Amino acid sequence: MSAAPSFRGYRRPDGRVGTRNHVLLVPTVICASVVAERIAAAIAPVGTVVPHQAGCGQLGPDLRVTHDTLAAYCQHPNVGTVLVVALGCEQVVAQHLADVARRAGKHAEIIAIQNEGGTVRATDKGIGIARHLAAALESDAREVCPASSLVLSVKCGGSDYTSGLASNPVLGRVADRIVDAGGSVVIGEIAEIMGAEQLLAVRAETPMVAARLIQIVNRVEGEAMALGLDIRGTQPSPGNIRGGLTTIEEKSLGATHKAGERSRLADVVPYAAPILQRGLTVMDTPGLDVESVTGMVAGGAQVVVFTTGLGTPTGNPIAPVIKTTGNARTALSMADNIDLDVSGVITGTESIDAAADRLFDELMAVASGRPTASERLLHREFAIHRRNPTI
Amino acid sequence: VNRLLVISPNDNVATALESLSSGDVVSVAGRRVSVAESIPRGHKVALVDIAAGQAVVKYGSPIGVASAPIDAGMHVHTHNVASARGRGDLARAATSSELRIAEPPDSDALDLPVAEKQP
């Protein structure tokens, strides 16, 4: 292809581009999650919600991460408007979340369950507001936008031997093409870089970026050390081991293929922090799939490509998640959950480059609005990473 | 269709693209591998003899260390390859000499099917 790659997205006032146009329901605290979920369900599928377990009883870093993650979703380009659902006595501040959305040029409203007089009144009022917000989004139109405005999250989960041989190298080719087009790619899951960190570090743009990568990999390894445990059984997981992966080094070497083979490592950022650099960014996320995707979408990813060997259903509340597998059996047995089958790379009927062309086309189509398997099935998992006890 | 795949010329293991049985002879990357035991699909077979303590190499990079001698044609997996990373268990064994209170049994010793082992 000679023309610069493009897709049809929603241009936002802050200059970012969305691949979806959701009404986002944001509970400030777990106590408001059920009301927020019921309001979102009344306007599904445009209505979506980020239910979570936190928002109170948290200290320092965890409270900060909860707050920053929710704020990042409030200003995310895949979100058209925001309705914050508060309880009224929690730590996370509803007004702040609404202000963040407004600063990004979005309409935002707040309801508080204690102010409205309980679940029933708050839900009824919220549904009324949400219907107006949804109706107001109907006139928004997609425009042709360059692929350089994309932040692509690359992720793998339920890996088996096919992941490192087929789906991850295929995704890596697509990741390099996004970077070539001037876009951004983010990879997380530090434990699954362990054993392959030197291959990424040599691609770092500066010695400082390389040093930060090595530092966070060493921190994660040190956490396993401090517990006095062998991480095997967790990394690789029992399913990975059954699928033929023997050590974390083997899993990591296969997993890092999805970050491409040649694009420069531009940045290393904390969990849920904004992805500001073009090129490849490593985000400090855990290996747990939903926490990892939640963090990378908070960082600004508008679309996720998720490779799997054994098959996994999870999605995200606001970003489309494209599932691709190199395992022909999984493509059949979990057909509901799989968007793209690249098993021909294993059987020798398709080259990695040809499969990458198909994945790239699928990525542009999904960015332009084609629903993914996880969207059709309303898989909208959301989990904020936490490190400390609840007080 | 290839039955075995070698990714890098430096590798000393190959990946089985279909299940292999003892006695199978498979040609791959200029070698003839006599399969010595059954190899499930997706699992690895040794291309050459690998001494205990020697690196096991896939993708051209070490994926661990042989914890026992591995003959060419043998199944290469958790029973004969140790990871070099995230080994807090070794760190603990090396540093603690005091008596420890009873611990839950090691799931590896329970002989459960792998899928039911808890991390």
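Author: A salt bridge is a side-chain nitrogen of Lys or Arg within 4 Å of a carboxyl oxygen of Asp or Glu. This is a predicted model, in which local features need pLDDT of at least 70 and side-chain atom pairs count only at pLDDT 80 or more, while totals for chains, interfaces and linings use all residues. Residues are numbered from 1 along each chain as its sequence is written, chains are lettered from A in the order in which they are written, and side-chain values use heavy atoms, with hydrogens and water left out.

Reader: What makes B:R85 and A:E221 a salt bridge?

Author: Their side chains come to 2.8 Å, N to O, and the rule asks for a nitrogen of Lys or Arg within 4 Å of a carboxyl oxygen of Asp or Glu, so the pair qualifies. Across the interface of chain B and chain A, the rule finds 4 salt bridges.

Reader: How do you know how much area chain B and chain A bury between them?

Author: Buried area is the accessible area (1.4 Å probe) that two parts lose on being put together, summed over both, and for these chains that comes to about 2,800 Å², with 58% of it on carbon and sulfur atoms. In chain B, the residues that lose the most area to chain A are B:Y59, B:R85 and B:G86, together 25% of what that side buries.

Reader: Which residues count as being in contact, and how many does each chain give?

Author: Contact means heavy atoms within 4.5 Å, and by that rule chain B gives 34 residues and chain A gives 35 residues.
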